[in-house]
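Welcome! Take a look at the sequence and the model, then read on.

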Amino acid sequence: MLDKPEIRTRILELLKSYPAIKQKITVLKREFENPTLISEQEMLDTMAFAKGKLGNRSVPGHISDKTYHIAINFRGQAAHYNREQIMEITVELEKMEKKIYRLEYCISQLPDEQQRVIRGTYIEKVEQKKLASELCMSDSTIRRYRDKAIESLTEMYKTLIEAGAVIEW
């Protein structure tokens with residue numbers, strides 16, 4: 001089991017990587033909705049070669065009987081590959097979405113000031129001075145709210161881990 005300093009370190013890493021994770025989710029969703037699949041024809045074209053009249057040189061378009069039977073078997077392989085690709089995308093997408101959902105939920109449980117500081121600092125990537133100006137707070141107040149928020153997030157994640165929740169970092 002992780003101790004509090006390790007959980008805190010992982011939460012900071014998660015917060016810092018939030019924009020990158022959101023970007024990966026967007027890319028994976030797009031790929032899931034419009035996957036690049038290997039067509040049966042592409043698989044057949046890949047296998048459609050045999051020795052031609054020019055000695056050892058392959059001639060496209062000439063399919064030997066043996067190669068044709070192999071290519072027919074590869075139709076099934078293409079479908080299997082495409083299913084595996086979509087499944088891998090689905091698993092990775094679900095893992096990332098769960099990670100972000102849990103983080104966003106925990107952030108939503110913070111007091112308003114802490115939420116604004118965490119969102120501004122890590123999610124929106126606003127510089128501390130600009131954030132302090134926008135929120136009408138001093139730099140030290142921003143740091144104090146940020147530190148309190150990270151401590152609260154650490155406690156929330158510690159509670160989840162102790163309750164047996166599986167945390168994907």
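How exposed is Glu97, in terms of relative accessibility? Glu97 has 30% relative accessibility and counts as partly exposed. Please keep in mind that this is a predicted model.

**The chain as a whole**
- The protein chain has 6 helices and 2 strands, and from the N terminus on its elements follow the order α-α-β-β-α-α-α-α.
- Of the 169 residues in the protein chain, 30% are buried.
- The accessible surface comes to about 11100 Å², and carbon and sulfur atoms hold 53% of that surface.
- Among contacts with a separation of 6 or more, 68% are between residues 24 or more positions apart.

**The start of the chain**
- Leu2 sits in the segment before helix H1 (4-33).
- Although Leu2 and Lys158 are 156 residues apart along the chain, their C-alpha atoms are separated by 8.1 Å.
- Leaving out residues up to four places away in sequence, Leu2 touches Ile7, Arg10, Ile161 and Trp169.

**The nonpolar cores**
- The largest nonpolar core contains 25 residues, and those with the most contacts inside it are Leu15, Leu103, Ile107, Ile118, Leu153 and Tyr157.
- Two or more residues of this core come from each of H1, helix H3 (65-108), helix H4 (112-123) and helix H6 (139-162), with H1 giving the largest share, 9 residues.
- Another core, of 7 residues, lies apart from the largest one and includes Val126, Ala132, Met137 and Tyr145.

**The salt bridges**
- Side chains of opposite charge can pair when their charged atoms come close.
- The count of salt bridges here is 9.
- Lys22 and Glu104 form a salt bridge at 3.8 Å, N to O, linking helix H1 with helix H3 across 82 residues.
- Lys22, at 34% relative accessibility, is partly exposed, and so is Glu104 at 26%.
- Glu97 and Lys29 also form a salt bridge, their closest N and O atoms being 3.4 Å apart.
- Because Glu97 lies in helix H3 and Lys29 in helix H1, this pair ties together parts that are 68 residues apart in sequence.
- In a further salt bridge, Asp139 meets Lys129 at 3.8 Å, N to O; Asp139 lies in helix H6 and Lys129 in helix H5 (residues 128-134).
- Asp139 is partly exposed at 26%, whereas Lys129 is exposed at 63%.

Note on methods
Residues are numbered from 1 along each chain as its sequence is written. This is a predicted model: local features need pLDDT of at least 70, side-chain atom pairs count only at pLDDT 80 or more; totals for chains, interfaces and linings use all residues. Side-chain values use heavy atoms; hydrogens and water are left out. Helices (H or I, at least four residues) and strands (E, at least two) are DSSP runs, numbered from the N terminus. Buried means under 20% relative accessible area, exposed over 50%, partly exposed in between (1.4 Å probe, protein chains only). Contact means heavy atoms within 4.5 Å. Accessible areas come from the Shrake-Rupley method with a 1.4 Å probe; for residues, only the protein chains shown count as cover. A nonpolar core is a set of buried Ala, Val, Leu, Ile, Met, Phe, Trp, Tyr and Cys residues joined through side-chain atoms within 4.5 Å. A salt bridge is a side-chain nitrogen of Lys or Arg within 4 Å of a carboxyl oxygen of Asp or Glu.
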